[in-house]
Amino acid sequence: MEKTIHITLKIWRQKGPQAKGAFETYQLNNISTDSSFLEMLDILNEKLISEKKETIVFDHDCREGICGMCSLYINGHPHGPDEDVTTCQLHMRKFKDGETIIVEPWRSRGFPVIKDLMVDRGAFDKIIQAGGFISVTTGGVPDANAIPISKEKADEAMDAASCIGCGACVAACKNGSAMLFVAAKVSQLALLPQGKIEASRRAKAMVAKMDELGFGNCTNTGACESECPKNVSISHIARLNREFLKAKLKD
Amino acid sequence: MTQINSKIPQGPLAQKWSNYKASQKLVNPANKRRLDIIVVGTGLAGASAAASLGELGFNVLNFCIQDSPRRAHSIAAQGGINAAKNYPNDGDSVFRLFYDTIKGGDYRAREANVYRLAEVSNSIIDQCVAQGVPFAREYGGLLDNRSFGGAQVSRTFYAKGQTGQQLLLGAYSALSRQISKGSVKLHTRYEMMDVVVIDGKARGIIARNLRTGRLERFFGHAVVIATGGYGNTFFLSTNAMGSNGSAAMQCFRKGAYFANPCYAQIHPTCIPVHGEFQSKLTLMSESLRNDGRIWVPKKKEDAEAIRAGKMKPTQIPEDERDYYLERRYPAFGNLVPRDVASRAAKERCDAGYGVGATGLAVYLDFSEVINRLGRDVVEARYGNLFQMYYKIVDEDPYETPMMIYPAIHYTMGGIWVDYECMTSIEGLFAIGEANFSDHGANRLGASALMQGLADGYFVLPYTIQNYLADEIRTPRMSTELTEFAETEGAVQARIQKIMAIKGNRSVDSIHKQLGLIMWDFVGMSRTKESLQKALDAIIQVKHEFWTNVFIPGESEDLNVELEKALRVSDFIEIGELMARDALHREESCGGHFRLEYQTGDGEALRDDEKFSYVACWKYEGDGKEPSLLKEPLIYESVHMQQRNYK
């Protein structure tokens, strides 16, 4: 049977990048606990439209937890209180009747607010552009089975590669560090023979870009790992550090 | 009457692509630098094309509506990508992949295109591995394969249940490399608003900067559309919220033919609809049908008891279960193609055997495989999908069967293109799901990823040169030209018209209204009456939209409601086109099922005599009926027959 709850929302509203933002309070009644968090926001926006008001802006797209577009800092947690999910897969059954829910954008120097709950994560693209790839062009590559890769290595690379680039790690970090994001890519490619060749160069270039873009340092609090919706492990940060040290020693 | 020229090369099927490449025109490196190519979209097709064209030395401008190219909806593809590698030694070949795809498409695809697709499929896998895509591997270190619907071989490569993500990140990394080198200029949060045509050739686009709301003009010697499909016409689909068919409609209104709009794929394994507030449907990968068994209760009383919540599926003994796919299709069993599986589910539910609170669901059961291979093996194969199901439905699929129901997933129809992926407007190309070319009336699982990457990595980078070779003397044009100004003016007028309505309905509420019409009357089974009803109802939706929609805020600002409104105004037109096409096609084939045309045992009944052609719709002006052109489908290498999966 369908269960419904009443909730109070305190949502960050901000007209534009330079505008001064503030929390606004909204009351929503009879929200089905089977609806997702974003569907609840859809209902709120529908209500705002009926009152001829501007809707709340937030990023979202696939709504199945893989595109990495949705964000939101909910009750002090990136992607909210549930474990191992993005905001789009967070369901209202995780909230209590009568609860007050506080919704904020990612807050980090690296991710400036665009409007309301939408932030600019272009910095992540720039970090990948600095070296998060294997330098091959289309065509002229060997047969896919020419280089055997142990299942163990391939699986570990896959775990690192499951990062969706949402930025929860940065939002969770008290230093606003992007180390987990960078490490996931460096580690994925360093684990594979194809990516090994450029591993040091890649680590150095990506870390330098991360520093340049205003992300903080890693102090090993582990907050990123515990808030990561895809369970990317901080052991990848250790691998990044090894690759980075190797690169520095060569200099 | 206009003749359709599909430019299929001469020669035997297996040599057409080689012959084409051997005789096509190329552009030399010095000239490439002077040629600008606009690529709209950054999914598998768009990103792979933009990266490959950048590598070749062209000057590429790449656009996406999201905040990053990596968000494109290709990322959500779960199951895998097909290739004719024959690594498992189970009898696969380029010809067999070609044949399965033609047959899977119910003999409504172009032979030459499909053969080329099968031919380049192996290079895609090589390319992705070189980029660092972590495909699943065997203990010996070599690549693993799984089987998929519509095939009797295991030819599907996969990366857990996240194959689309990994392939897209591979293409995205290649794209990022070109961006860093300056050969590709990326524009995120930009939406194409129209194509600019000068002297009959595509020469640029008008795009809306979604952050500022301002319109901007971009010139290109050629324009490539890689904007995906139009499944969201149905409101509820497995597409991302932003997926839309607007770029295709812009091209259509400028004279590009829209081919086979009625061919939409309904995917059999999605999480059933649960409430009115629902915003989208979630797919459960087809790969689950490798190990999951689909059933409903044999007895209606049991189905009723389950719907009333008085009985659990686990309480129904083995011999009281109807494994209807295994019963009807012993040769392919649970791995019949998607259209067949979807219709079979609908048939059982309509007959009163459906489960779940609404009766619109069937079971996908893993108990047999869990008993046979153990929970660990199942978790390794499908862990992320099981977790996703659990988070949405709040039931544990390791303990109780999943509930699934068909949902709109993919559109085989799209912008008409010739063998070179060029539309009927010179210099305007369409690749990936946005075009119509390779899947006929039904797409096989794991073939969308294959087609997107085939077009982007290995087809377009060749064929576009055959066009651009004649453009090397065309200088970059100023965006101050009249054609740019006029096109921008028309876009601006459309936006102001929508802003000025100031009615009482939200965009979403109108979109939902359209979606219900589409699902009820242009959905899994269609009739002449239902389609006529749809056409009448869509006219009303169109009127409602243009008189009663309300958009808050300003047009020259970040305005999400306006973005949605512009897309929905096009979905309404697409819905109309789909219904019109479905009405005219008096036969059943693949995803297009007309109740009037079926065999004695309920299978799709084609009419090859009358309908063995691509239906190309040509725009004739606002409010006017589009005209129909036909590209005949000629089969030289396969014999057309009724599809049989028994």
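Student: Which domains does the domain assignment give for chain B?

Tutor: Domain bounds come from an automatic or database domain assignment. For chain B, that assignment gives domain 1 (267-408) and domain 2 (482-614). This is a predicted model, in which local features need pLDDT of at least 70, side-chain atom pairs count only at pLDDT 80 or more, and totals for chains, interfaces and linings use all residues. Residues are numbered from 1 along each chain as its sequence is written, while chains are lettered from A and ligands numbered from 1 in the order in which they are written.

Student: How many residues of domain 1 of chain B are in contact with domain 2 of chain B?

Tutor: Two residues are in contact if their C-beta atoms, placed from the backbone, lie within 7 Å. Here, six residues of domain 1 of chain B contact five residues of domain 2 of chain B. Helix H10 (residues 338-353) of chain B provides the largest share of the domain 1 side, five residues; helices (H or I, at least four residues) and strands (E, at least two) are DSSP runs, numbered from the N terminus. The C-alpha centres of these two domains of chain B are 30 Å apart.

Student: How many residues of chain A are in contact with chain B?

Tutor: In this case, 66 residues of chain A are in contact with 65 residues of chain B. On the chain A side, the largest share, six residues, comes from H1(A).

Student: What is the secondary structure of chain A?

Tutor: Chain A has nine helices and seven strands.
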